[in-house]
Amino acid sequence: MADRIEITGIRLRGRHGALPEERELGQEFAVDVIAWLDFAPAAAGDDLKKTVNYAELAGLAARIVEGEPRDLIETVAAEIAEEAMRAYPELFAVEVTIHKPQAPIDLVFDDVAVVARRSRKSMH
């Protein structure tokens, strides 16, 4: 059994991108985090200590997105996923989506997104 915690649409400003103006000006990103775990013990005892604190998980994502600029949002997504797996041993897996709606594409589009998924099995 795997329950999940979902945090969607975390709006953050970052300086990620391969173009100089992306790093200089920055842009808005949106982050979704889905964390798989068994939170039955937390629910049974109504105990926050037996689950993942979603405010802390969102803060982890924010620290990375707002932190050191990266050329690729793929790198940002992977860093968040891998750091979450290290920080929360109770996670079975985590999936991180980085949305870059202002990506430098000379066409009309709704969104560009990358997804990184990490699991205990893939981390060994």
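Helix α3 (residues 54-65) lies across β1, β2 and β3 and runs at about 35 degrees to β1, where axes are lines fitted to C-alpha atoms, for helices over the stretch in contact, and angles run from 0 to 180 degrees between N-to-C directions. Contact here means heavy atoms within 4.5 Å, while helices (H or I, at least four residues) and strands (E, at least two) are DSSP runs, numbered from the N terminus. This is a predicted model, in which local features need pLDDT of at least 70 and side-chain atom pairs count only at pLDDT 80 or more, whereas totals for chains, interfaces and linings use all residues. Residues are numbered from 1 along each chain as its sequence is written, and side-chain values use heavy atoms, with hydrogens and water left out.

The four strands form an open sheet in the order β1-β2-β3-β4, with antiparallel pairing; two strands pair if DSSP finds at least two bridges between them. Two of the strands are listed below as the edges, each pairing on one side only.

| Edge strand | Residues |
|---|---|
| β1 | 3-14 |
| β4 | 113-119 |

Strand β2 (residues 27-37) is joined to strand β3 (residues 93-99) by seven bridges, and W36 has A93 in β3 as its bridge partner.

Q27 is found in strand β2 and is buried, with a relative accessible area of 5%, where buried means under 20% relative accessible area (exposed is over 50%, partly exposed in between, with a 1.4 Å probe and protein chains only). Residues touched by Q27, not counting those up to four places away in sequence, include L12, K100 and A103.
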